[in-house]
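Grab a pencil and have a look at the chain below.

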Amino acid sequence: MSGASALLVCRDVSESIRFYEENFGFRTTVRFPPTGAGVVEFANLVLGENVVMFISHAAMLEDCKRKGDRESPKIVSKNVWGVGVNLYFSVADVDDMYKKVKGKGARIVYDIGDKQYGSREFSVSDNSGYLLTFAQMKEFLKCGSCGMPMTKKGDFGAGDTENKFCVHCTDESGKLKSRQEIKDGMVHGLMKMKNLSLQDAVREVDESMNKMPVWKG
Ligand SMILES: [Zn+2]
């Protein structure tokens, strides 16, 4: 497990497992107690890098009792599950996920669309009322010469978003500069930015430029 993951209270963990596996393709990696050993109290599900955990309402109440916690059971009543909670799952192909989810008949809350903040996403309500958003971050185009992400018009050579190279690697007309000219610029920039010696900066720039198709062999 890496990063933060949510523990969601639900009525029936088995039902949630089914819902997440069938609709979204999650995989159950932990189930307690194990299959066949009684009602499921806890489960850990993963989809790529995304992790979500479930605990049954009954198991949560038991746990609170053990801990002497009298407040949580009042807050997490079965009537307010999911309210105000929106979980974001990052996926590689959101259109594919959308098709899959729609085909299964899950309730789409917000239809698929491109967002200003660079993501394409849709939201769906789960079987307990939690709002789930599946999102795919748009990949920025990278300069084919130096690898710099080009996120706005001014980053592209000659301000032309069709240009494969960035403004630093091209001349005013948008034409790619010579390898030596670009290399000199990058070496200087790197020396300043990382406080490197000339020798180290040259080595680093050569290494990264050799990885770019346009400068290969
Ligand atoms: Zn560049």
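Predicted model: local features only at pLDDT ≥ 70, side-chain atom pairs only at ≥ 80, totals over all residues.

**Exercise 1.** Work out which residues of helix 1 are buried, and where around the axis they sit.

*Solution.* Next, pick out the residues with 20 or more other C-beta atoms within 10 Å of their own. That gives you Val13, Ser16, Tyr20, Asn23 and Phe24. They take up an arc of only 120 degrees around the axis, so they are on the same side of helix 1. Here's the general idea: an α-helix has 3.6 residues a turn, so residues three or four places apart point the same way. Finally, ask what covers this buried set: strand 1, strand 3, strand 4 and helix 4 are included.

**Exercise 2.** Find which residues touch the most other members of the largest nonpolar core.

*Solution.* The core has 22 residues, and the answer is Met97 and Phe134. Helix 4 gives the largest share, 4 residues. Now zoom in on Phe134: skipping neighbours within four places in sequence, its contacts are Phe89, Val91, Val94, Met97, Glu121 and Phe122. Another core, of 13 residues, lies apart from this one and includes Cys166 and Ile182.

**Exercise 3.** Say how the chain is divided and what separates the domain centres.

*Solution.* Domain 1 takes 6-137 and domain 2 takes 141-215. Using C-alpha atoms, their centres are 44 Å apart.

Definitions and conventions: Residues numbered from 1 in each chain as written. Domains from an automatic or database assignment. Buried ≥ 20, exposed ≤ 12 C-beta atoms within 10 Å, placed from the backbone. Helix = DSSP H or I, 4+ residues; strand = E, 2+ residues; numbered from the N terminus. Arc of directions from axis to C-beta. Contact = placed C-beta atoms within 7 Å. Core = buried A, V, L, I, M, F, W, Y, C linked by C-beta atoms within 7 Å.
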